[in-house]
Amino acid sequence: MYPLTELRRQILDEMGVDVWSLRDKSGVTDVDTIQPAARTQEGTRQPAVNNESGADWLSLQNTVFSCQACKLAKSRTRTVFGSGNSNADLLLIGEAPGAEEDRQGLPFVGKAGHLLDAMLYAIGLNREQVFICNVLKCRPPNNRDPQPDEVEACASYLTAQIESIKPRVILALGRFAAHRLLETDLPVYKMRENSNCLPGTNIPVVVTYHPASLLRNPEQKAESWFDLCKAKSLLEQSSP
Ligand code: URA
């Protein structure tokens with residue numbers, strides 16, 4: 001079991017969880033040695049990190065950077081490709097950039113992002129160990145819901161990211177990500193209960209509430225904690 005540091009205790013309290021233990025910590029940085037909320041600049045103007053697919057990854061970043069495939073190209077400030085470890089075992093997928101993400105060109109850097117950092121930290125991970133991206137790479141005006149034509153226009157980017165990263169586990173943050181990945185329109189609470197795999201693959205997709213939803217509905221945090229532990233456990237089971 002990881003030692004319960006004061007910071008971690010506070011995070012677990014905040015998530016509505018008293019005590020937590022891991023069966024095995026193979027392959028994962030110890031919670032006491034990691035730095036919280038480290039952020040890379042990947043996804044901003046200069047593509048920073050290559051993954052094992054090398055040139056393809058770089059070319060994908062450049063394509064997204066200059067994308068004009070839908071009307072959001074006109075209203076966005078920056079595209080948000082994603083950030084983190086482009087060879088990560090765990091891929092987190094959200095909905096779409098908000099105002100702060102649009103300004104910085106990085107995913108989950110607003111309030112919901114701070115909660116996401118804390119949630120990752122609580123399971124012994126940080127942003128440099130996972131990859132975080134969104135279904136949409138551009139911000140919908142006034143944070144409205146993504147529209148079907150926008151999801152369609154961005155679909156090939158997310159598919160290419162998944163194929164390139166080859167994650168062992170995907171965590172779908174909220175209904176838009178889950179619907180896009182699982183090709184269903186079930187409500188989140190239903191998808192949470194199921195054992196899902198990305199269609200056509202054996203990559204498990206753990207569905208959980210979007211961090212912004214957790215900010216509005218803190219009573220969902222305990223369920224979300226359960227989902228994170230499930231994702232962590234699947235990661236451990238899939239470690240070579
Ligand atoms: N919400 C998302 O779904 N993605 C972000 O990057 C920020 C907020």
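Which helix gives the most to the lining of the largest cavity? In this predicted model, that helix is α6, which contributes four residues to the lining. The structure also holds a ligand, and the space taken by this ligand is the largest pocket.

**The ligand and its shell**

- The residues around the ligand are G94, E95, A96, E101, P107, F108, N134 and H210, and by class this shell comprises three nonpolar, three polar and two charged residues.
- N134 takes part through its side chain, with a polar atom placed 2.7 Å from a nitrogen atom of the ligand.
- The ligand exposes 240 Å² when taken alone, and the protein buries 91% of that area.

**The cavities**

- Two cavities of 30 Å³ or more are present in the structure, and the largest cavity contains about 80 Å³ of space.
- The largest cavity is lined by 13 residues, of which C67, C70, L72, C138 and C154 are the closest to its centre.
- Both α3 (72–75) and α6 (148–165) supply at least two residues of this lining.
- In terms of residue class, the lining of the largest cavity divides into 10 nonpolar and three charged residues, with no polar ones.

Key: Residues are numbered from 1 along each chain as its sequence is written. This is a predicted model: local features need pLDDT of at least 70, side-chain atom pairs count only at pLDDT 80 or more; totals for chains, interfaces and linings use all residues. Side-chain values use heavy atoms; hydrogens and water are left out. A residue is near a molecule or strand if one of its heavy atoms lies within 4 Å of it. A polar contact is a pair of N or O atoms within 3.5 Å; within protein, one must be able to donate a hydrogen and the other to accept it, and residues adjacent in sequence count only if both atoms are side-chain atoms. Accessible areas come from the Shrake-Rupley method with a 1.4 Å probe; for residues, only the protein chains shown count as cover. On a 1 Å grid over the protein atoms alone, a cavity is a set of points where a 1.4 Å probe fits but cannot get out, and a pocket is an open set with protein on both sides within 12 Å along at least five of seven lines; lining residues have an atom within 4 Å of a point. A molecule sits in a cavity or pocket if more than half of its atoms lie within 2 Å of its grid points. Ala, Val, Leu, Ile, Met, Phe, Trp, Tyr, Cys and Pro count as nonpolar, Asp, Glu, Lys and Arg as charged, and the others, Gly among them, as polar. Grid points are joined across faces, edges and corners, and a volume is the space filled by probe spheres set on the points.
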